[in-house]
Amino acid sequence: MYKSIKSNKLILVVLAMALVTMLAVMPAFGSVTAINVDGPMGPQPIGSDATFTATATNPGGTSLYQFWVHDSNGWDVVQDYSTTNTYTMSSLNQGSYVFAVYALDQADRDAGNWGLAKYQSFVVNIGSSVSLNAAYANNEITLNGSAAYITNPVYQFWYEKPDGTWVGTDYSDNAAYTFTPDQEGTYNTIAYAKDLYAPNDYTHSVWSDVKSVTVKKALEVVEVSAINRTTVEATLNEEADAEAAADVASYIVTVGDTAVEVKSVAYDEDTNIATLTVADMKNLVGVVAVNGVEGAAVDYIVEAAVIKGEASAAEVPVGRDVDVTFVVEDKDGDLMQGAEVRVRVLSGPTLVKDFGVLVTDEKGEVTVTYGSEVLDAGGLDINAVVVSKPVIKTEVPVNWTDVRDDLIVIDELGKATLPTTDVGDDENVRTYTVTFNDAYGNPLAAGEEVFVEVEGMDADGTTAIDASNIGTYIVLAKSGKLTSAYSSVPANVFGYKLATADNGKVTFNLVGISGNEGTLTPTFYYGDPAKGSADVVVKAGATEFVDRVFSAEKSSIEAKGAATVAVGAAREYVVTAKDQFGANFAGTLNFTFVEDEDGLAKTSPGSIIFDMGSGTATGYTVLAADEGIFEFELNSGLDKEAATPIVWFDTDGTGNYSEDQAQLVGEKVTFDSNITPTVNEITLTTENASASVAGEVIFKAEFSDQFGNAIVPGANEVVFQAFEADDLDTALTLDASASKVAIELNPTGTTFATAPGAVTAYAVTPTDKALLVKFESDTAGEYVIRAFIDVNSDKVMQADEYSVDSENIVIEAVKAAELEFKTQSEFGTDNNGVDYDILINDQDGTAYDASGANAVDVTYTIKNTGDVDLTANDASSTVIKAGKTEAIVVNVTDSGGQDSITLTPNAAPDKDNSVSATVTVSATGIDSISVSTIWVAVDATAGDSESYNGTVIAYDTDNSWYMIETAVGNIEVDYTSGSTSDAYKVNGNTANQSAFEKALKVGVTIEYVEDAGTTHKLTK
């Protein structure tokens, strides 16, 4: 800081800086004749230092130097006359500064000859700027400049006409300039600003962005009204141009001497009213005017009444930033937008950082961020002052600490108590997701090394679990998703070295897979503990592993059937066993029961019989693979006996039951000799689809007594009948022969037993609680099956006999679904032709019964593509001319769904013609099948022979034939007949038959010699 020196004498000296003295002062010997100063000029960065060094020319004298600074506070001497020729002003804030350096001989200073001083001035701009608002209205363009951080600014305006001519003004303290454009078109405008004391040059000025103004037909504003702080209405003359009236650039809005930005215009041609949306005029005072036409006086100024501050955190670690937000409100409690606030960081009376003057946003807020440069712990105040009258301020204290507990952040997921063995449930996993941050609170990059150590104790708390066996508990998965392939932590005195993933994270999972009880506690290190660099250590929460035991609270026992059953009958119970984690229990459960007579639990069944299947009356092993479910029955041969089953877990390992052990208590069952199990219900459920294209449906018939228990009907026969769905009074005759309705049974579960022919009811004595019933019919329709207990053995349903009817059974008509096509022979030398056989199958794949009413019309569509006429040797002996197509319809009546047709050439083929045909076979309800057969004739004339070269494409040495591909087609040759032994050549070498067979391979070249007067078939 410097001491201000202000006096009338000094003020006169300053004024003399700009004046040429009229006094003739004669310099004394040794007076200063010149001064040269080295220092910065023009714009400089915020926070810069300004150093000035002066050198005076003073032959024989002693030079003294004086330094002045002019800023927003006016002129001040910052260093009075002395022999020191250097001055530095440090950390300059935003603004403009004029530095003046004087040199005066010591004798002249003592004599008061101030006019003999020589001086040099400098202007420095720190963050200085100027903005420009340009608007056109009433045939005038008004330019308004607004300088920031310039002391006593003066302005200069320039504009470029549409013809490219530039026009400028001199510098003046007037921030507005208005001119009348003499051309239509676009005017480009710019504003310059500088300190009053700065030279009139480019270096010492700042300039605005270029603003363009379009000159259109002038608008005449006749009336102005301010609606509110952001809305002004301007009434235009009736001759207003609609396009110009809707243009923002056509309006200049002022409040007093202050220009207000026009943001948008809404023009109504019917009323000639332009509604202007302008910047908030809240902090302005004066008369609102549009293009010079004034409206009513409006006072919008409101002084700030309060400023509030809040930090994002009251305490932050060293090196960590904190955000501090200040809010300015007016006397009405409204937020002030555009208020100027100076924000500084203070350490007591010492200035640490100056953020300069900031402007509040639309929320009345300014926010600063500070702290990353703080390296030592301690408290600082963030101070904010509203730059207005009256001055109001506030301070926000923030404390920086050395504690960095946020370098390692642990997020724990899952239960703190887990089973010692994995139960395949994501809930039985403890996941530690750890974020490693740097000194500034930012997550480490991926791939950085961090460390974890796991320590623990066995269940008795005596034996430490070291790194050599923690792998039996732990799995590491970066994705956090467990699989059955657990990866163990390797034995290491410092646990496990990990690599960070994205966002500085590692994922560490604990799961019990060893069966050992104990407690594990992961500890995470910032740095390698093996090298002594682990300066930050964070211990995670402990995870306890316990053995899985039976939990009665999470298990259940369900009784089926009535509470009272007949002597000799049984009541069923279903137990669902779970452990304390809700997983299927794997272990041994024990059984007992309580008799009503003495209320004591019994470990030996006595007259109460436990039917445990593969288990015993005192113990039963339940496996998790069985989903923890098992069933048992209680039965007794004694009348009026009762029992309550108890399923219990041997907690103490003694094998003795006690009431304080985990247990399930089922519902009581009572046995009564007066109750005889009888068939009370028969259910018929389909085992396959309710309708079958094959005419077959299979039911399961099940029997239960009056208590709901599944039973065998005993000596009673069960009778089955079939009915038409719309006639349940007349039973159908059952006949296992073809095309009849039939019922078949398999009470033994092996093969179906067919009902005797020509009966209306089929009776059987079941030997099990359920049997399968097959109903079939070759006739389409809807049927109903009835089952009843034949108490009187007369196979006739009586009123007191229990019966049940099935739902309607829909049988669809059998359709031909597939047509097989087979060629039985090929053209031979005797021109016998080719046989085509067809076989029509049912939808179930068996031969279709085409006889009688089920006969099918089959259509043969034959296209003769060769040179020889063909005869279709069917009932009509149809001739198909060469190049023609004929359709032949045949009614197939074969019970096996078979038919055939033969194609015979009408003339023997020769080497000049061919025989070929395409045959398509179709029938109602089936897809068509097409087959092509092509023959190329090979005919050697009598007495001559012909040879053909070709490539072997197939052969059969057992049947002595081969096929070669030649230029005329594929020739099939029987090489054991008609040819001499030396007629075979393989790749040019003559061979006998034995050598020929050895050399015969697919792909070899063969020369075939045709015997004289013979014809062989060629196929493609």
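**Entry 1: a ring cluster**

I began with the aromatic side chains. Ring pairs link Tyr-155, Phe-157, Tyr-159, Tyr-177, Phe-179 and Tyr-187 into one cluster. I note here that the model is predicted.

**Entry 2: aromatic pairs**

I then asked how many aromatic pairs there are by this rule. The count is 23. I wrote down two of them.

Trp-68 pairs with Trp-75, edge-to-face. I find 6.3 Å from centre to centre and 70° between the planes. Both Trp-68 and Trp-75 are buried.

Tyr-370 pairs with Trp-400, also edge-to-face. Here the centres are 6.0 Å apart and the planes make 90°. I looked up which strands hold these two residues. Tyr-370 belongs to strand 30 (residues 365–370), and Trp-400 to strand 32 (residues 392–401). The pair therefore ties together parts that are 30 residues apart in sequence. Tyr-370 is buried, and Trp-400 is buried too.

**Entry 3: charges over rings**

Next I checked lysines against rings. Lys-194 has its charged end over the ring of Tyr-171, 5.1 Å from the ring centre. Lys-353 lies over the face of Phe-355, and its distance to the ring centre is 5.1 Å.

**Entry 4: Asp-354**

I turned to Asp-354, which sits in strand 29 (residues 350–359). Is Asp-354 buried or exposed? Its relative accessibility is 16%. The cut-off for buried is under 20%, so Asp-354 counts as buried.

I then looked for polar partners. The side chain of Asp-354 makes a polar contact with the side chain of Asn-93, at 3.2 Å. A polar atom of the Asp-354 side chain also lies 2.7 Å from the backbone nitrogen of Gly-356.

Which residues does Asp-354 touch, leaving aside neighbours within four places in sequence? I list Asn-93, Arg-342, Val-343 and Arg-344.

**Entry 5: the whole chain**

Last, I took the totals. The chain has 1020 residues, and 41% of them count as buried. I find four helices and 81 strands. For contacts between residues at least 6 apart in sequence, I asked what share joins residues at least 24 apart. That share is 63%. The chain exposes about 49,800 Å². Carbon and sulfur atoms supply 47% of that area.

Definitions and conventions: Residues are numbered from 1 along each chain as its sequence is written. This is a predicted model: local features need pLDDT of at least 70, side-chain atom pairs count only at pLDDT 80 or more; totals for chains, interfaces and linings use all residues. Side-chain values use heavy atoms; hydrogens and water are left out. Buried means under 20% relative accessible area, exposed over 50%, partly exposed in between (1.4 Å probe, protein chains only). A polar contact is a pair of N or O atoms within 3.5 Å; within protein, one must be able to donate a hydrogen and the other to accept it, and residues adjacent in sequence count only if both atoms are side-chain atoms. Contact means heavy atoms within 4.5 Å. Rings of Phe, Tyr and Trp (its six-membered ring) pair if their centres lie within 6.5 Å; planes under 30 degrees apart count as stacked, over 60 as edge-to-face and the rest as tilted. A charge sits over a ring if NZ of Lys or CZ of Arg is within 6 Å of the ring centre and within 35 degrees of the ring normal. Accessible areas come from the Shrake-Rupley method with a 1.4 Å probe; for residues, only the protein chains shown count as cover.
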